[in-house]
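Thanks for making the time this morning.

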Amino acid sequence: MKDLEWAKLSFGYRKTDYNVRCYYRDGKWGEIEVSSEETINLHMAATCLHYGQEAFEGLKAYRCPDGKVRVFRVDENAARLQSTCRGILMPELPTEMFCEMVKKVVRLNQEWIPTYESGATLYIRPLLIGTSAQVGVHPASEYCFLIFVTPVGPYFKGGFATNPYVIIRDHDRSAPLGTGIYKVGGNYAASLLANKKAHDLGYACEFYLDAKEKKYIDECGAANFFGIKDNTYVTPKSTSILPSITNKSLMQVAEDLGMKVERRPIPEEELATFEEAGACGTAAVISPISKIDDLETGKSYVFSEDGKPGEMSKKLYDTLRGIQYGTIEDKHGWTTVVID
Ligand SMILES: Cc1ncc(COP(=O)(O)O)c(C=O)c1O
């Protein structure tokens with residue numbers, strides 16, 4: 001294993017040894033290739049550069065206390081990428097191939113998988129781009145799919161803690177019938193300015209309302225939202241948010257823990273009724289929310305006065321993390337052992 005101060009790593013790019021690649025040409029996917037190059041040789045008229053034919057995914061490999069390395073719901077990432085492909089006319093990568101490439105790239109870079117004790121993980125970034133030249137707005141005929149990995153530090157350096165969020169009303173990240181449900185780079189370009197505004201104002205992240213009516217909660221930055229009240233886990237149903245795999249899992253875990261689960265539109269005013277709230281995604285599992293401010297209306301929805309996360313959020317967090325790290329029974333078969 002590499003001799004790094006794993007616990008001090010941030011969420012950033014660090015070179016590892018290998019990436020895996022596969023090319024789509026003449027209507028079919030080729031052989032899986034291993035590369036130690038960090039760069040790609042790209043045609044200047046490639047559709048990914050001009051027309052945003054670009055999709056990515058994000059998941060993690062966990063070095064577990066039993067010495068094994070596991071990945072979490074990798075088939076769900078494969079399925080979401082396929083959905084994105086259908087959304088922006090790219091060829092779908094078969095689930096089997098996606099999973100094989102994830103396993104291969106993790107095994108090839110096993111020296112870069114952080115220790116369990118550090119709380120750090122190996123972040124896995126699959127990327128699919130249209131590579132053939134095109135000057136009219138059309139899909140490419142050739143594509144490159146690659147996966148690289150990079151070690152990332154623990155999300156909660158000072159322990160599981162809450163953060164303040166802010167509703168940004170003067171930007172939308174996606175439209176109701178747009179690409180918000182797909183993981184395409186354009187959505188993230190659309191979020192950069194709102195995210196900067198939130199950070200400049202001292203908030204952890206920006207919150208979006210639905211773009212059409214500005215009435216319902218959509219999602220926050222790169223995470224889904226959930227609120228908890230009366231032993232019920234409530235999360236938005238919206239056509240402009242990314243279907244989070246963490247959220248999908250938390251809904252099941254909540255049910256397993258005896259909670260009710262509701263997936264439905266959440267009007268902003270309902271925020272005032274939640275006992276706990278959180279942002280969920282691969283990065284943090286759950287990032288508990290201390291408050292959400294709406295600067296335009298002057299309203300502030302407070303979920304934690306003392307900065308401490310709520311009891312149910314902690315329980316959901318501990319359970320899902322336990323499953324990911326192999327310390328809690330994986331009764332839904334969500335994890336895959338990549339290194340035994
Ligand atoms: C916009 C957005 N929403 C939600 C999520 C959380 O999704 P997941 O739980 O699959 O990481 C992400 C991260 O991938 C995201 O980028």
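Let me begin at the ligand, where an oxygen atom lies 2.4 Å from an N or O atom in the side chain of Y188; please keep in mind throughout that what you see is a predicted model. A nitrogen atom of the ligand, in turn, is 2.7 Å from an N or O atom in the side chain of E219, and an oxygen atom of the ligand is 2.9 Å from a polar backbone atom of I245. Taken on its own, the ligand has 380 Å² of accessible area, and the protein covers 95% of that. The space that the ligand takes up is the largest pocket.

Which residues come nearest to the ligand? There are 16 residues around the ligand, and those that come nearest are Y188, E219, S244, T246 and T282. Helix α6, residues 245-256, and strand β15, residues 276-281, each supply at least two residues of this shell.

Now to the backbone, where, as a general rule, most residues other than glycine have a negative phi. V285, although not a glycine, has a positive phi of about 65 degrees; V285 belongs to strand β16, residues 285-294, and is buried, because its relative accessible area is 5%, which is under 20%. D26, also not a glycine, has a positive phi of about 50 degrees, but D26 sits in the loop between β1 and β2 and is exposed, with a relative accessible area of 71%.

Finally, T319 lies in helix α7, residues 311-324, and, leaving aside neighbours within four places in sequence, T319 is in contact with V253, L257 and I328.

Technical notes. Residues numbered from 1 in each chain as written. Predicted model: local features only at pLDDT ≥ 70, side-chain atom pairs only at ≥ 80, totals over all residues. Heavy atoms only, no water. Helix = DSSP H or I, 4+ residues; strand = E, 2+ residues; numbered from the N terminus. Buried < 20%, exposed > 50% of the residue type's maximum accessible area, 1.4 Å probe, protein only. Contact = heavy atoms within 4.5 Å. Near = heavy atom within 4 Å. Polar contact = N/O pair within 3.5 Å; in protein donor to acceptor, adjacent residues only side chain to side chain. Areas by Shrake-Rupley, 256 points an atom, 1.4 Å probe, with all protein chains shown as cover. 1 Å grid on protein atoms, 1.4 Å probe; cavity = no way out; pocket = protein on both sides within 12 Å on 5 of 7 lines; lining within 4 Å. Sits in = over half its atoms within 2 Å of the grid points.
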